[in-house]
Every structure is written in C-alpha cells, then in structure tokens.
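Open the model in your viewer and keep the sequence panel beside it. This tour goes from one selection to the next.

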Amino acid sequence: MHDIEKAIEFFKEKEDLHEGKRGKETFFYKNTRNVKIRILCTGMDFYCESETRKQYRWSDFVKQNDATPYKKKNEWLAVKDQTQSTGEQCDLLYTLFQKWEEFSSSSEITQRPDTKAKDKKKSFEYVYESAGTVGKFNGNADEFLEENILGEVNGEKIKIPYVASWAVWSDDFHGKVEDIREELDANTILLAENISQRIEDPWTNFHGTRSGDSRLRCACEANCKGAYITDLIKNLNDADGRAVEKYFKSEAGERLRESTLQMFIREIELLMACGLIKKDRSLYIVLLGKPAKECFLMLKKEVMTELGKYFDTIVFGEVDHYSYTCNTKEKYKDYFTELFSQMKKANHGDIVKNPRYS
C-alpha cells in the first residue's frame, strides 16, 4: 500500500466492514458503534471506547511514540497522527485493523447488526405461526417457559427466556427463574419496541454493558426491582426503531401487527399460568421510548379487550428509552419514580405521559 486510496480499498474489501461518509472524512466500522477507524484528508483517526466508557490509550493497540491522544466532547478517545508519510499511515492502518479485530471481538463490545441493507423491507419479513393453547403448568417455571413457545417466526420457535429478562442484576442469577422467584414482580412490565441485536443466552436481553443499560438498571433498582422486561415485536432484529415503527403502522405492516398482538397476549398468559403474574393485582405496563408507544397504541384496544378478562386494572405509562443519551442515571431514575407515582393513581386503561414533558 502506498496511498490513502489503496487503504480505503483495503478496508472496503474486508468482510463485514462497512464504509461511511461524513463531510470529507471516510470511516469504517465492523458491527459495533464503539470502535471506528476514520481516514481524513489531513490524516487518520482511531476511535475507541469500551461499554463502560473506560478510556483506552493508543499504546494499548499500537506502539507509536509520536501519536498524541486527545479527548472529544463525547469522551471518546481519539488519536490523530499527521507526522507520518502516506505510506506509513497505510501500514499503520493495516496494523490497526488487526488490533481492532481483536478488540471488536472481545466481550466488552456489544455487537449490533448492519441496518443499512439495500432492501430495508427484507428486515421486516415476518412469517408467523401461532403456538396454539397454553400448556398445563408443571410446577417448575423454568421448564414451563422452555416447553411453551410464543409462536414461530420464519420457522424459528420463540420462547420467553430468549426474548426477555428481569429487572434483576445479581451474580447469583444464572438463568434460573426458580432461583430468584421471590424477587420477581411481573405485574410490572417494561416494554420496548424490538431487539436491535440477536439474543443468544436466556434472560440476557436488556442486560448489556452499555451506558443505556446501566441507566435502566439504576431506574429499575430504585422503582421496580424484579419487573419483567421484554420487546413488543419479537424476533425482529433491527436497530432502526423509527423505521420499524413506520413499517408497523403502515398498511403493509398489518400482518406484523396481528402476529405481534397474538404473541404479546400469549406471553402474558404464559406468565400468568406459571404464577409470575398475579391475576388479583393491577397490571402496569411501561412503554420504553416513543416508537414502542406509537406501535403499542395501534394494539391498545385489542390488548385491553383480551387482558381485561383477567385484570380489573391495567395502567400504561410512557418514558424515554433507556438509550436516550440526554438522560443521566439520576434523571432517568427520577423520571421512573415520578412515572410510577402517577401510574398508581391512574384509572383502568389510562396512559400516563412521559414525566420528562410534564
């Protein structure tokens, strides 16, 4: 390699490496928002940040004595080196790529899918098959939730442990509901729109190491410890919530709306069947973020009709999504506190507005 153009071609050809443009700069990313290599007209930047916002120094990746680190306003560590020749920069880019692959595959990085598919509609394909009736509870919640599926999407069986989690953050919890049953309160449900990345392990949804997840943890531990957390739309892996909302509300999204409703009602019925939701108590459903609220509103009437058979009082609330960066942990916790205070005073069927706008 002898020039920046060849370096750009090198990165373009790498599998799963995506090119972006912003002004005069070219940057590349590999299914992660926290590691970036940027090529500018004046030189090259290497950005890196862990999910816990730990600052990584240049020397952690490449030993370059003349590289000068500096902080950006968003606390990402950036390193800029304009002292080398173009050829040296290209060689450094190659070394960076190797180091970067190591880092981006580590457990500290949360992967996310590429949401810039050429045909965006393909990400919304949803072939749903109903699961039928709820099976008889066998006395063990873990076995029951593994045996009973919510339905099938594109031939894949959808089970509660792989689409949800609990507002419990404990080293003692190793994926067994029966181990923490006394801590659980599934009569409070936190409902987001859809997953942004595939969930591989049971009960790990919403339990990443990103700053947003830590905001959610702080808010839940202060207000609704043990609550049930899930997504409204199951098995739709897309990080672009607004695009999902637009499709969900469109004429083309009718089938998705119908299957989403069926799956959500069955989810509640399964949790009731094994005693994790109590019929003799009120049901509180908190909608996390505007897209989740907008999608849910299209189903609210049917949800009230179906769940009204079991509960005398169902109250809804809306709050910012936990990834919303304008909220500190303390602010987000306070919004939750105010929200739950108002929800407990609300009437059957009410939707309590987002406290941030009150």
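## Stop 1: helix H10

Select H10 and colour its buried residues: Tyr332, Tyr335, Phe336, Leu339, Phe340 and Met343. Buried means under 20% relative accessible area, exposed over 50%, and partly exposed in between, with a 1.4 Å probe and protein chains only.

Now check the length of H10, residues 329–343. Its 15 residues at 1.5 Å each should span 21 Å, and the end C-alpha atoms are 21 Å apart, which agrees. The expected span is 1.5 Å times one less than the number of residues. Helices (H or I, at least four residues) and strands (E, at least two) are DSSP runs, numbered from the N terminus.

## Before moving on

This is a predicted model: local features need pLDDT of at least 70, side-chain atom pairs count only at pLDDT 80 or more, and totals for chains, interfaces and linings use all residues. Residues are numbered from 1 along each chain as its sequence is written, and side-chain values use heavy atoms, with hydrogens and water left out.

Zoom out to the whole protein. Its secondary structure comes to ten helices and 15 strands. Of the 358 residues, 50% are buried. The accessible surface is about 17900 Å², and 44% of it belongs to carbon and sulfur atoms. Those areas come from the Shrake-Rupley method with a 1.4 Å probe; for residues, only the protein chains shown count as cover. Take the contacts between residues at least 6 apart in sequence: 71% join residues at least 24 apart. Contact means heavy atoms within 4.5 Å.

## Stop 2: Ala219

Select Ala219, in helix H5. Its relative accessibility is 0%, so Ala219 counts as buried. Show its contacts, leaving out residues up to four places away in sequence: Cys224, Tyr332, Lys333 and Phe336. Tyr332 and Phe336 are among the buried residues of H10 from the opening stop.

## Stop 3

Which way does H6 run against H8? Select H6 (residues 241–249) together with H8. Their axes come within 9 Å and cross at roughly 10 degrees. That makes H6 roughly parallel to H8. On the H6 side, the contact uses Gly241, Arg242, Glu245, Phe248 and Lys249; on the H8 side, Lys290, Pro291, Glu294 and Cys295. Axes are lines fitted to C-alpha atoms, for helices over the stretch in contact, and angles run from 0 to 180 degrees between N-to-C directions. Angles under 35 degrees count as roughly parallel, over 145 as roughly antiparallel, 65 to 115 as roughly perpendicular and the rest as oblique.

Stay on H8, residues 290–297. Six of its eight residues are buried, so H8 is largely enclosed by the rest of the structure. Colour them: Pro291, Ala292, Lys293, Glu294, Cys295 and Phe296.

The axes of H6 and H7 come within 7 Å and cross at roughly 100 degrees. H6 and H7 are therefore roughly perpendicular to each other. Look where Tyr247, Phe248 and Lys249 of H6 meet Leu256, Arg257 and Thr260 of H7.

H7 itself is mostly covered, with 14 of its 20 residues buried. Those 20 residues should span 28 Å at 1.5 Å a residue; the end C-alpha atoms are 29 Å apart, which agrees. Just after H7, find Gly275, with a positive phi of about 80 degrees.

## Stop 3: Lys300

Go to Lys300 in helix H9, residues 300–307. Lys300 is buried, at 18% relative accessible area. Beyond its neighbours within four places in sequence, Lys300 contacts Phe316, Gly349 and Ile351. Its C-alpha is 9.2 Å from that of Leu261, which is 39 residues away along the chain.

## Stop 5

Buried or exposed: what is Trp203? Select Trp203, in the loop between strand S11 (188–194) and helix H5 (211–223). Trp203 is buried, with a relative accessible area of 5%. Its phi is near 65 degrees, positive in a residue other than glycine.

Finish at Asn154, in the loop between strands S8 (151–153) and S9 (156–158). Asn154 is not a glycine, yet has a positive phi of about 50 degrees. At 48% relative accessibility, Asn154 counts as partly exposed.
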